[in-house]
Amino acid sequence: MIRAFKFLLVLLTLAILAMVSAITTMHFAIHGAEVTVPDFKGLTVTEATNKAATTGLNLSVDNHFYSAEMPIGRILSQSPVPGTRVRREWHVRLTESLGPQRVAIPNLSGTDQRLASIQIRRLGLQLGAIAEMPYAYAPPGTVIAQNPAPDAEGVSRPTISLLVAAPPVETSAGLVMPDLVGQMFPAAAAAISHAGLTLAPVKDETAAVPAIPDTTSNQPPQAPIAPGTVMSQNPAPGHRVDASTPIELTVAR
């Protein structure tokens, strides 16, 4: 009986040792396949690719941004960030710098959508989102607004999104005019479109610069109105409107 007990104890000890050994081997196998993501910022794509090859990582350039600080063709940012522990063959996404913005944003208002798309690509820019909204003052397919605005400066991405005229929606149902003042024009235009209303030609107006309060005043200084903000609307909020009512917006420039 004692011999049998000792024999079982030896078997149990050997089993525990085998399990500990397997766990230890697995631990080293898993962590041995991990690498630390290096810092690719400031490198060219070729330099970053060569550096990644030494650690067994994969790279792709997923975005391009303008940058006044980082020269063109250099890596601006990355994901995952440097120092992150990942498995070998992990995919690292890079953003490449386009250097300072040198391409002027064209004025595409009134242009057919297809021709506007061609012009955007000819300038080396990218076509972003295209949205449609009912608009009775231009043929369907005509660009009625864009983002960024013409000749905009300090643009981060080489992408232009377009708002294109669609045929007006015919409906007899009325609704209460929402308050659009203070919203950015693309959001206000989208709200008008979703409501089945018609946007009149947009009025541009230079926003007044708020006066700086006296040093003895307790009132905080007012922030200036950002370009593209809706400053006023007609009809006013609360009025009854329908699809035949043109909605006039005055937008800060």
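**Figure 1. Helix α4 and the second largest pocket.** The largest share of this pocket's lining comes from α4, with five residues. The model is predicted: local features need pLDDT of at least 70, side-chain atom pairs count only at pLDDT 80 or more, and totals for chains, interfaces and linings use all residues. Residues are numbered from 1 along each chain as its sequence is written, and side-chain values use heavy atoms, with hydrogens and water left out. The second largest pocket is lined by 15 residues. Nearest its centre lie A131, S161, L162, L163 and P186. Two or more lining residues come from each of β6, β7, β8 and α4. The volume is about 220 Å³. A pocket is an open set of points on a 1 Å grid over the protein atoms alone where a 1.4 Å probe fits, with protein on both sides within 12 Å along at least five of seven lines; lining residues have an atom within 4 Å of a point. Points are joined across faces, edges and corners, and a volume is the space filled by probe spheres set on them. Helices (H or I, at least four residues) and strands (E, at least two) are DSSP runs, numbered from the N terminus.

**Figure 2. The largest pocket.** Its volume is about 740 Å³. Of the 28 lining residues, Q146, A149, P150, F185 and D204 are the closest to the centre. Strand β7 gives the most to this lining, five residues. At least two residues each come from β7, α4 (185-194) and β14 (246-252). By class, the lining of the largest pocket holds 19 nonpolar, seven polar and two charged residues. Nonpolar covers Ala, Val, Leu, Ile, Met, Phe, Trp, Tyr, Cys and Pro; charged covers Asp, Glu, Lys and Arg; the others, Gly among them, are polar.

**Figure 3. Strand β8 and its partners.** Strand β8 (residues 159-166) has seven of its eight residues buried, so it is largely enclosed by the rest of the structure. Buried means under 20% relative accessible area (1.4 Å probe, protein chains only). Strand β6 (residues 126-134) pairs with β8 in the parallel sense over seven bridges. Here P134 stands opposite A166. Strand β7 (residues 143-147) runs antiparallel to β8, joined by four bridges. V143 of the chain faces V164 in β8 as its opposite residue. Strands pair if DSSP finds at least two bridges between them.

**Figure 4. The whole chain for orientation.** Four helices and 14 strands make up the secondary structure. Of the 253 residues, 31% count as buried.

Technical notes: Buried means under 20% relative accessible area, exposed over 50%, partly exposed in between (1.4 Å probe, protein chains only).
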